[in-house]
Amino acid sequence: MGTVLLHFSTTGRSIPSFPLKSYSGRGRKHPFAKTAVSCVLESSHLFEAARQTVDTHIKSGMVVGLGSGRASCLVIQYLGRQLREGILTDILGIPMSVSSASEAAKAGIPLDQYPNSLQIDFAFDDADVLEEGALTAVIGRRKLEAGESIIQEKSIVKSASKLAFIVSARQYTKNPDGSIPVLVDTVNWMETAEEIDDLFLGDAEVWRRPAWGYAGPTGGDFPLVTKEGHNVLDLIFTSPIQSLIQVAESLDEIDGVVDHGVVSGVPCTAVIASEEGVQIVDNVYQM
């Protein structure tokens, strides 16, 4: 594995400031206009990916793992429409999060709880980033609502007979970057963070996630505690990660690490939304 540099920061993160400019000139578009249009277009592409996911993979009578995120929300909405119109019947949904359960209830999808359900026939989920080739994914960067669990989301994803990650083209990359959430025991979280720092010897920061707001690298007075009773450390890499699989294997060897947001070694399909249309990539041949 290439060297992945990491630094455990105990000081506040500096936030760059940018001078504000006036955009009152004639014929000059507001700077946010382009961003808004891009968001609308990306949502349109994601909807097409969501539609194709349902039409291709979900059949009547299936038990379906319902993922979290923008694309998963669109899948749930479209799946509910198919049920209301009678195109699909006897679908049982297993929500991965509070938000997916809420969205599924509004869409009229019957629900059960994991692990009380039968075998999950198919599951779909958003990935924060998806590594080209083996389709190794990172999940769990989003803010966790009360009662949500990265462990549960990952368990549903890995236990499904078939799995699809739905991402935009910018999330599908050879050189993933950003953060990896790591679940750790709360009692000795600082020692675990320092061991992670020593292991990677890198140029990244380890921040304990707060329950809300901004609280600095130690998570402040109210660090997030998951429903299983763990803290979340966000490993924030400032350079591309050479191999998500090797990072995950290294994390698995550290005492105090309970789990993390890397999903690897699972046969799955990537449904990639782009301006050119929906691209389908399968990793079964690499398993």
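The axes used here are lines fitted to C-alpha atoms, for helices over the stretch in contact, and angles run from 0 to 180 degrees between N-to-C directions. This briefing concerns a predicted model.

**Helices H2 and H3**
- Helix H2 (residues 70-84) packs against helix H3 (residues 98-107) at an angle of about 25°, and their axes are 9 Å apart.
- Angles under 35 degrees count as roughly parallel, and H2 and H3 are therefore roughly parallel to each other.
- Their crossing is right-handed.
- On the H2 side, Cys73, Ile76, Gln77, Gly80 and Arg84 meet Ser100, Glu103, Ala104 and Ala107 of H3.

**Strand E3 and its partners**
- Strand E3 (residues 122-126) is mostly covered, with five of its five residues buried.
- Phe122, Phe124 and Asp126 point one way from E3, whereas Ala123 and Asp125 point the other way.
- E3 runs parallel to strand E1 (residues 63-66), to which three bridges join it; here leucine 66 stands opposite phenylalanine 124.
- Strand E6 (residues 162-168) also runs parallel to E3 and is joined to it by five bridges; phenylalanine 165 in E6 is the bridge partner of aspartate 125.

**Helix H4**
- Helix H4 (residues 150-159) is largely enclosed by the rest of the structure, because seven of its ten residues are buried.
- These buried residues are Ile150, Ile151, Gln152, Glu153, Lys154, Ile156 and Val157.
- At the start of H4, the backbone nitrogen of isoleucine 151 has a side-chain oxygen of serine 149 within 3.2 Å.

Methods. Residues numbered from 1 in each chain as written. Predicted model: local features only at pLDDT ≥ 70, side-chain atom pairs only at ≥ 80, totals over all residues. Heavy atoms only, no water. Buried < 20%, exposed > 50% of the residue type's maximum accessible area, 1.4 Å probe, protein only. Helix = DSSP H or I, 4+ residues; strand = E, 2+ residues; numbered from the N terminus. Pairing = 2+ DSSP bridges. Polar contact = N/O pair within 3.5 Å; in protein donor to acceptor, adjacent residues only side chain to side chain. Parallel < 35°, antiparallel > 145°, perpendicular 65-115°, else oblique. Left-handed = near helix turned anticlockwise from the far one by under 90°. Contact = heavy atoms within 4.5 Å.
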